[in-house]
Structures are given as structure tokens and as C-alpha cells.
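These are my notebook entries on a structure that is new to me. I set down what I looked up, entry by entry.

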Amino acid sequence: MAIGETKFAQEECKVVKKDPASNKTKTDNLKFTHVPNYFTPNFTPTICATDNVSKFIKVLHNLTPAGHGHECAAELYEQALQHEKGSFITSSGALATLSGAKTGRCPKDKRVVKDESTEQELWWGNGSPNIEMDEQSFKVNRETAMNYLNSLDKVFVNDQFINWDPENRIKVRIVSAKAYHSLFMHNMCIRPTAEELENFGSPEFTIYNAGQFPCNRYTHCMTSTASININLARKEMVILGTMYAGEMKKGLFSLMHYLMPKRHILSLHSGCNMGKDGDVALFFGLSGTGKTTLSTDQNRYLIGDDEHCWSDNGVSNIEGGCYAKCIDLSQEKERGIWNAIKFGSVLENVAFDEHTRVVDYSDNSITENTRAAYPIEYIPNAKIPCVGPHPKNVILLACDAFGVLPPVSKLNLAQTMYHFISGYTALVAGTEEGVKEPKATFSACFGAAFLMLHPTKYAAMLAEKMQKHGATAWLVNTGWSGGSYGTGKRIKLSYTRKIIDAIHSGSLLNTNYKKTEVFGLEIPSEIEGVPSEILDPVNTVMVRQESIS
């Protein structure tokens, strides 16, 4: 076993509270019978020519071929349970896994190769998420990753698609060392049919995930033992020093932020659903603002929960699955997500009962950023294929930690561009390493961490499409009311759902509005099912002051 692998395995055991691995269980003695047809010994994937040839001993290639159901995950479950410490089946049937020391994204360790082309095209400098690295440093990290992967007795390879728009989908290949990562990406990317898989050909982008093994922090441009590197010219991504699966998903999202605008398609960090009459709504928001929860509505068709494209044909989901936060998850509040966590789903960094395997979603002893990844087909009202017409409503979600923003306000086009480029919200605990409580942050386009071009380019495209197709914009606060975090109270999810329902139905367009003095926001006077006194933040503060007096 490689030194790096041993180190991370030890970290996994220490991290988990209530980890059944601390006791001898029946799984220690299980022997797994693998289907020989799934194995392709000595198979070398067809990957674009590089300086390092893949010489994997055994490649488990597309263990979940052309499938969407429960039967597709069985082989990867067996691999994880047998070989990956901290992997267990929960009472709901989901695979519980651990990401080791890193339980969130590492934006400060993300690097993009700066060459003659990207120097002119990409957003660099102050405020940009794109930290530059040179070609030679990328080659060093790539060599490290390849050497580690080549040292293993097996690797997992997924061939899949991103973007449900058939005219603009991208072929991707993911090479990883862990069955859990393979199952995660099987869920999160679009799963090809048997015919598509047979004719897949060469990928347009490849991820090499050697996250168990650290990078050399003394390599030029490196600052820690974790590094996520994107090379657009070579069409490759290399991951070292972090096993957090979300890095793969968001790496592909960054890729789409580069490729799609070149085709005059707007890439969006948004959820998206559609009513029975074909009315589409986009939900913009950072992690923790409720984007996944609010776009997953049992009364509407789910197009997607996180990443989308808006082209001349309408909207399309980039992904084939959902990656939901599940801290404090309950069946009563989020039935759709709760029911989707079953056999085939991946649970990341959750705690569960040692004997019953029942997950305790309120337990944050590992991290606040507990996650569930499941195929979008696990949502009964998912729209397959995940495409829809042009949006009718654009909803900007902000988790305001200071209780300043109203629960909902209607925006004109200028205000929409301002709030879209500003991307104000609170950075919610657990979504990034080191964040323990909400704090104010500004993230351009509600997803600055993933942008490749300057924010104004995406904003201009959004304004053009909204004007052309007559979309209405709304600013919805899912954060605090009656005071800031620690003083006021978070707005009830039930109230926010009523607000969203009123937007979908069109009734919110037909009510009376008043303008706030400072921001000039238009606040509705009443919404069915929502207490009128909370609609204006000034009222909630005055009520609180009176109650204190």
C-alpha cells in the first residue's frame, strides 16, 4: 500500500464519531464474488497523448454501464465495502462514505494553467477564483497522480456525459482510485445508454483523481498538500490531497463556464424546475441558500438542482444527479430528498447508529457539510430528459445573515444585474474548510468560485436572455429576520415555500408593492400563508425592540 494511502486511511478512522469500524463487524469477514465480465485486465483507456502513458494493472471500466437503477450500484458497493475503510450500508440502503481530512472544497488550492490562450481569455487577478500555475508545475502534479494511480492494483474509470442538451453535451472520463468516487460520479454525471457507451470514443475532458495521495507542497505554485489543477489546453484535471468528491463535480462545472460561453450559451449556478403548464423557474444561490431544497418541489417537474445552461433552445441541466446538503434533514421538511437517499445513493461524512445503521442527520461531529449524491431519476417528478423552455421567473436566493433583506422583493433589470454580479449571501458553515458560522460574503453570479470568465460577461448574457424572453426577477431571502444571526430567527422554510408558490402561480405580480428607502426594493404588501409583519424588515426589528422593552 502506498504511503499516502495509508496516511489518509488512518485519518478516516480518526475523523468519524460513531464509526462502526472501531468494532469488529460481520463485514470484516465477507468475501465478495465479482462478475468477471466487468473486469478488463491490462486494459489501457484511450486517453489523449501525454507525456505519461497509463499502465494501470487492472481497470474496472464502467462498472455501472448504461444503467439507472439499483442493480447498477451493486458492484461498486462491494468494492467500497471490501476495500475502503469507513464505508457502510445505512438503514435506507445508501452507501455511507468518508472523505477523510477534507470535508469541503479547497478553493485556495485550486489552480488553472495560465498559457498564451488562457492569459487572454480567463478572469485573472483581484477577486478572481482562478489562481495561476505554469505548465511545468501541472506536469509535475500530473506525474505524481499518474504514478500513484499506476501503483494501485486497480483503478475505476467512468465514461459519461455532461449537459442534457444533445447538441452541446460534453464527453468526460473520470479515472479514480476509489469505488465511492466512481459511484458518486456515476450519480452526478449523465449516464450513457449501452449504444452510446459502445460508441463513446475519446473523451473531451479527463479527470485523474488521486486524492488519497498528497501533492508536494514545495512544488512551484503549491501552498499545501492539496491541489486541484485544471489544464484547458490538455483538457485534463488532476486532483491530489483531497478525497472530497465535490471537487470533481465542481471542476466540471468550471469547465462548462469556459466552454459554453464560447458557444453563446449561458452557464448558470442555479436550480431549475418547471410547472405543469411549462413555466420554468431558475433558482440562483450558493450552497446553503436553499437552491436544492426549493427547486425540488413535489408539485413541479425538477429539471435540475444546481448547474444549468441557457441556450437559444431553452434550459438544460448539466448534471445527471443531485448533490444535496443533508445536515438536519427531515422527512417532514424535505420529503423528496429524504426518499431519494436509498440504495445507489452516496452519503458523505454522515454519522449513524452503530447497530441500526440509522443516520443521524442532526449530527455534525464530522462536518456541517454532510452530503447526499443520488441520480436525478430518484426524484419521482424529475423531468427526463432534463431540458425545458425559456424561463419565466429568475429567483436570486440570498441567505442574509444580518436580517436586512426582506423575505422577497421584485427586481427591475438594473437591480437584477446588480444583485447577480454582487451575489450577496452568507457563507454557510461547512461548505468550505474552516467556516464554522455564517458570515457575509459576495460571490459574483452566485458562484464566483467556479467562474472562468469575468462576471460581467455572464451578467450581460443573462440580461440579454431575460429581455428577449420576458423573464421576471425576484430576490428571495432564506436567511434571518428580526435581527442578525444569533439575535433574530431564520425565516421558516414553510414561509419561503409559500413565497415561491406565489411567484410560480403569478399571484405575486398582482399584489400591491412599496419601495424601501435604501435599496429601492419593491416589497409585496401581502402573500397568502406568510405573516404580513415579516415582509418588511423594519417591522420585524421594531416588533423585537418592543418585545425587549
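Predicted model: local features only at pLDDT ≥ 70, side-chain atom pairs only at ≥ 80, totals over all residues.

Entry on H10 and H11. I located helix H10 at residues 413-422 and helix H11 at residues 455-469. I noted an angle of about 150° for their packing, and their axes lie 10 Å apart. I then listed the residues that meet: H10 brings Leu-413, Thr-416, Met-417, Phe-420 and Ile-421, while H11 brings Thr-456, Tyr-458, Ala-459, Leu-462, Ala-463, Met-466 and Gln-467. Sorted by class, this contact holds nine nonpolar and three polar residues, with no charged ones.

Entry on H5 and H7. I turned to helix H5 (residues 179-188), which packs with helix H7 (residues 246-262) at an angle of about 40°, the axes being 10 Å apart. I therefore recorded H5 as oblique to H7. The crossing of H5 with H7 is right-handed. From H5, I found His-181, Phe-184, Met-185 and Met-188 meeting Gly-246, Met-248, Lys-249 and Leu-252 of H7. I counted the residues of this contact as five nonpolar, two polar and one charged.

Entry on the sheet. I traced an open sheet of five strands with mixed pairing, in the order S3-S4-S18-S21-S17. Strand S3 (88-89) and strand S17 (321-325) stand at the edges with a single partner strand each, so one side of each has no neighbour in the sheet. Within the sheet, I examined S18 (residues 346-348) and S21 (residues 371-375), which pair in the antiparallel sense over three bridges. For Val-346, I found the bridge partner in S21 to be Ala-373.

Methods. Residues numbered from 1 in each chain as written. Heavy atoms only, no water. Axes fitted to C-alpha atoms, helices over the stretch in contact; angles between N-to-C directions. Helix = DSSP H or I, 4+ residues; strand = E, 2+ residues; numbered from the N terminus. Parallel < 35°, antiparallel > 145°, perpendicular 65-115°, else oblique. Left-handed = near helix turned anticlockwise from the far one by under 90°. Contact = heavy atoms within 4.5 Å. Nonpolar A, V, L, I, M, F, W, Y, C, P; charged D, E, K, R; others polar. Pairing = 2+ DSSP bridges.
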